[in-house]
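Opening the notebook on a new model today.

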Amino acid sequence: DMGTTTTVYSASDEVSGSGYSAGGNALTNTGTAKSTVTAYTDFSDTSWTSASFTARGCLIYNTDVVSGFTNDRAVCGITFGGDKVVSSGTFTIQFPSNDASDAIIRITS
């Protein structure tokens with residue numbers, strides 16, 4: 001289970017099923033910006049087609065290899081608020097608007 005102690009990607013407890021590959025999808029960053037007091041970034045929606053699986057959340061993690069840092073470092077964990085089921089369909093994660101009030105990752109001073 002993913003929780004406050006999740007610091008890296010791990011295949012244990014990862015969803016499995018048709019249409020899904022271990023490790024998930026690479027995300028496309030929609031840009032970074034800042035307002036007066038908030039820095040933020042977001043991603044394009046991502047989906048799996050012809051899929052059949054059940055998911056309870058997802059992990060955004062960094063696959064960049066940086067000397068001195070652990071590989072596959074967790075950026076943030078997201079709960080879906082319960083099981084989400086797809087059966088022979090398209091499973092889509094819709095990210096919010098990329099702005100200071102809604103972006104999935106926001107840092108405020």
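My entries on this structure follow.

**Ground rules.** I'm working with a predicted model, where local features need pLDDT of at least 70, side-chain atom pairs count only at pLDDT 80 or more, and totals for chains, interfaces and linings use all residues. Residues are numbered from 1 along each chain as its sequence is written, and side-chain values use heavy atoms, with hydrogens and water left out.

**Fold.** I looked up the secondary structure and got 0 helices and 5 strands. Here helices (H or I, at least four residues) and strands (E, at least two) are DSSP runs, numbered from the N terminus. Along the sequence I read the pattern as β-β-β-β-β. The C-alpha trace spans about 45 × 35 × 20 Å along its principal axes.

**Contacts and surface.** I took contacts as heavy atoms within 4.5 Å. Of those between residues at least 6 apart in sequence, 64% join residues at least 24 apart. The accessible surface (Shrake-Rupley, 1.4 Å probe, with only the protein chains shown counting as cover for residues) comes to about 7000 Å², and 47% of that belongs to carbon and sulfur atoms. For burial I use relative accessible area: under 20% is buried, over 50% exposed, and partly exposed is in between (1.4 Å probe, protein chains only). On that scale 25% of the 109 residues count as buried.

**Charges.** I counted Lys and Arg as positive and Asp and Glu as negative, leaving out His and the chain ends. Each charge is placed at NZ of Lys, CZ of Arg, CG of Asp or CD of Glu. That gives 5 positive and 10 negative charges, with mean positions 6 Å apart.

**Aromatic rings.** How many aromatic pairs are there? My rule pairs rings of Phe, Tyr and Trp (its six-membered ring) if their centres lie within 6.5 Å; planes under 30 degrees apart are stacked, over 60 edge-to-face, and the rest tilted. By this rule I get 8 aromatic pairs.

I checked Y9 and Y61: they are stacked, 4.6 Å centre to centre with 10 degrees between the planes. Y9 sits in the segment before β1 (29-34) and Y61 in strand β3 (residues 46-62), so this pair ties together parts 52 residues apart in sequence. Y9 is partly exposed, at 21% relative accessible area.

Next I looked at W48 and F91, a tilted pair at 6.1 Å centre to centre and 55 degrees between the planes. W48 is in strand β3 and F91 in strand β4 (residues 73-93), so the pair links parts 43 residues apart in sequence. W48 counts as buried at 10% relative accessibility, and F91 counts as buried at 9%. Both also belong to a cluster that ring pairs build from Y20, W48, F53, F80 and F91.

**Cysteines.** I searched for disulfides (cysteine sulfur atoms within 2.5 Å) and found 0. C58 counts as buried at 15% relative accessibility, and C76 counts as buried at 19%.

**Positive phi.** Which residues did I note here? D13 has phi near 70 degrees, a positive value in a residue other than glycine. D13 lies in the segment before β1 and is exposed at 64% relative accessibility. S88 has phi near 50 degrees, again positive in a residue other than glycine. S88 lies in strand β4 and is exposed, with a relative accessible area of 64%.
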